[in-house]
Amino acid sequence: IVQALFINVGKADSALLLLGEKRYLVDAGSKESAAAMLDALAHFGVDRLEGVFITHTDKDHVGGLGALLKSGIQVEKLYAPAYFIQKNIQKHPVYQWVTETKVPFAWLNAGDVLPIADGIEFRVLGPLQRDTEDENNNSLVLHLVTAQGDMLLAADMEEPAETMLLQAGAVPKAAVLKVGHHGDDDASSSGFIYTVRPQIAVVSTDRDVAAGTPKPSVMRRLWDVGAEVLLTQKATCGVLVTLQGGQATGQLLDYPTP
């Protein structure tokens, strides 16, 4: 089986992917939610991460990276998209941490493929081009391909980037969708949702901070394709999704009460 824990890091993003014996993290939440991320990793006994993907430079995705790198958890490699607004590479937050910690690092471009194990690989779908005004559209869009089923991790990609991927024929069907931009209605267009057709859709948000997310229009589109929608805010640990034989199941995972 293949599993992913979408951690409750508030209105931020962090997902732990459990791929056989290997562990990957996609985004590190915010500085304020770093403790929640580290608690979830500890709960799953993670002391080593084969890779950490930072999808873009927004603080609610990269903010917890410093705490992670100082936590004692061994990080084998860091990844970030080659496209970003900041012209000065030395000011890129991931690059700054790489310089300080000497963790191996790679810029990723659309079309890159990272083999993980037999029948498991990450395919980088986007961004297809640099957005000079909206960092969300520079988000790393990852397609996790496994023999048990696929996941599409849309980060904060908004409709312009979705449209570009759709026009390129690069949007796959996937059993699991990490819904783009915390379920806001500037993402998750009808064309995108109807192409992906997820069985399980996960929204990483905190309605107390980002009121109205996920937006009703986004929920309707997901329900229209038969998706079960789960919110990270609803569980103390997060949303645990399991893929087996092409079928996705999701559960709200709470920490045991003391």
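**Pocket, hairpin and a histidine**

Author: The largest pocket has a volume of about 260 Å³. A pocket is an open set of points on a 1 Å grid over the protein atoms alone, where a 1.4 Å probe fits, with protein on both sides within 12 Å along at least five of seven lines. The volume is the space filled by probe spheres set on the points. This is a predicted model, where local features need pLDDT of at least 70 and side-chain atom pairs count only at pLDDT 80 or more, while totals for chains, interfaces and linings use all residues. Residues are numbered from 1 along each chain, and side-chain values use heavy atoms, without hydrogens and water.

Reader: Which residues line the largest pocket?

Author: Among them are Ser 30, Lys 59, Gly 63 and Trp 97; lining residues have an atom within 4 Å of a point.

Reader: Which helices each supply at least two residues of that lining?

Author: Helix 2 (59-62) and helix 3 (65-69). Helices are DSSP runs of H or I with at least four residues, and strands are E runs of at least two.

Reader: New topic. In what sense do strand 9 and strand 10 pair?

Author: Antiparallel, over four bridges; pairing takes at least two DSSP bridges. In their hairpin, Gly 119 has a positive phi near 75 degrees.

Reader: And His 43: buried, exposed or partly exposed?

Author: His 43 is partly exposed because its relative accessible area is 39%, and buried is under 20%, exposed over 50% (1.4 Å probe, protein chains only).

Reader: What is His 43 in contact with, beyond four places in sequence?

Author: Cys 237, Tyr 255 and Pro 256, contact being heavy atoms within 4.5 Å.
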